[in-house]
Amino acid sequence: MNHFPQAWGRPRDDVYGAYRSSFLDTSSPKAHTSSPIVTGTSVLAVKFKDGVVIAADNLASYGSLARFTDVKRLRTFNRCTVVGFGGDVSDMQYLDRLLLSLDIEENYGSSGHDLNARNLHTYLAKVMYKRRSDINPLWNQLLVAGLDGEDQPFLSSVDLLGTTFSSPTLATGFGAHLAQPLLRKIVDDEACVKSVTREQAVNAIRKCMKVLFYRDARSLDRYSIATITKDAGVQLKEDEQLENQSWAFAETIKGYGTQTV
């Protein structure tokens with residue numbers, strides 16, 4: 001048996017034949033990711049009168065396999081911003097390192113100014129658009145939640161094409177179809193934000209996370225949730241558990257199991 005480290009994980013030559021090093025050929029054309037493998041699903045966010053609530057579950061799926069159940073997809077940036085990552089996990093890790101280096105540079109800078117949520121969103125939009133223009137996109141959709149330069153609630157999105165838009169409620173992945181209608185019941189437009197309390201926003205997000213766990217096969221019942229306000233800054237909880245779960249509703253769905261239309 002070959003105990004040399006360079007042979008670990010390699011099939012035995014005397015059983016399977018000589019190892020074909022042609023698989024390691026580097027002369028082939030350069031290829032970029034065209035289909036993410038390990039991905040995270042929905043990220044949800046909603047504004048309220050004093051700030052923003054954002055949440056994402058802790059699952060990273062390997063295709064259709066619920067492989068990694070402790071992947072935190074919310075990242076804090078300085079005192080007033082949280083970035084939520086949907087999509088490819090390896091690209092999320094790259095962006096996380098990029099934001100860390102930016103944060104260190106800002107902290108050691110002498111300008112005396114901090115990047116707020118609006119500034120960070122602009123930066124990420126430029127990064128995503130540059131990678132898209134290089135035909136090597138980062139396969140993520142990001143939600144940037146926090147406070148702008150006037151300490152007002154800020155919530156905006158950027159996708160792998162560098163497309164940006166803002167709304168009082170935002171969701172990525174399956175949440176764009178299932179959670180958005182529920183969130184818009186309490187925050188239909190910017191005028192409604194001033195009448196929504198923190199408790200209402202948090203309860204709406206928790207309800208949406210439960211609906212997504214029931215309906216989205218790529219979701220999990222453990223999630224991270226963050227609240228950003230001027231007074232308290234970022235309050236992040238990374239290991240929340242869905243409460244009062246019940247599958248009793250499935251019996252009333254027509255076409256489910258033994259039910260007929």
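Colleague: Through how many residues does a hairpin join β2 to β3?

Modeller: Strands are DSSP runs of E of at least two residues, and helices are runs of H or I of at least four, numbered from the N terminus. Two strands pair if DSSP finds at least two bridges between them; β2 and β3 run antiparallel and are joined by six bridges. The number of residues through which the hairpin joins β2 to β3 is two.

Colleague: What kind of model is this?

Modeller: Residues are numbered from 1 along each chain as its sequence is written, and side-chain values use heavy atoms, with hydrogens and water left out. Local features need pLDDT of at least 70, side-chain atom pairs count only at pLDDT 80 or more, and totals for chains, interfaces and linings use all residues, the model being predicted.

Colleague: Which residue in β3 does L44 stand opposite?

Modeller: The antiparallel bridges between β2 and β3 number six. In β3, the residue opposite L44 is A55.

Colleague: What is the bridge partner of D57 in β12?

Modeller: β3 also pairs with β12, in the antiparallel sense and over seven bridges. The partner of D57 in β12 is Y223.

Colleague: How many residues of β3 are buried?

Modeller: Buried means under 20% relative accessible area, exposed over 50%, and partly exposed in between, with a 1.4 Å probe and protein chains only. In a regular strand the side chains alternate between the two faces of the sheet. In β3 both faces are covered, with G51, V53, A55 and D57 buried on one side and V52, I54 and A56 on the other. The strand is largely enclosed by the rest of the structure, because the buried residues number seven of the seven.

Colleague: Within what arc do the buried residues of α2 fall?

Modeller: In α2, V89, D91, M92, L95, L99, L102 and D103 are buried. They line one face of the helix, because seen down its axis (directions from the axis to the C-beta atoms) they fall within an arc of 140°. On the other side of α2, R97, L100 and E105 are exposed, against a buried arc of 140°.

Colleague: Is N116 buried or exposed?

Modeller: N116 lies in the loop between α2 (89-107) and α3 (117-133). Leaving out residues up to four places away in sequence, N116 touches C80, T81, L147, D148 and G149. Its relative accessibility is 13%, so N116 counts as buried.

Colleague: Which residue has its backbone nitrogen 3.0 Å from a polar atom of the side chain of N116?

Modeller: A polar contact is a pair of N or O atoms within 3.5 Å; within protein, one must be able to donate a hydrogen and the other to accept it, and residues adjacent in sequence count only if both atoms are side-chain atoms. The backbone nitrogen 3.0 Å from that side-chain atom of N116 belongs to N119.

Colleague: What is the relative accessible area of N78?

Modeller: Most residues other than glycine have a negative phi. N78, in the loop between β6 and β7, has a positive phi of about 50° although it is not a glycine. N78 is partly exposed, because its relative accessible area is 26%.

Note on methods. Contact means heavy atoms within 4.5 Å.
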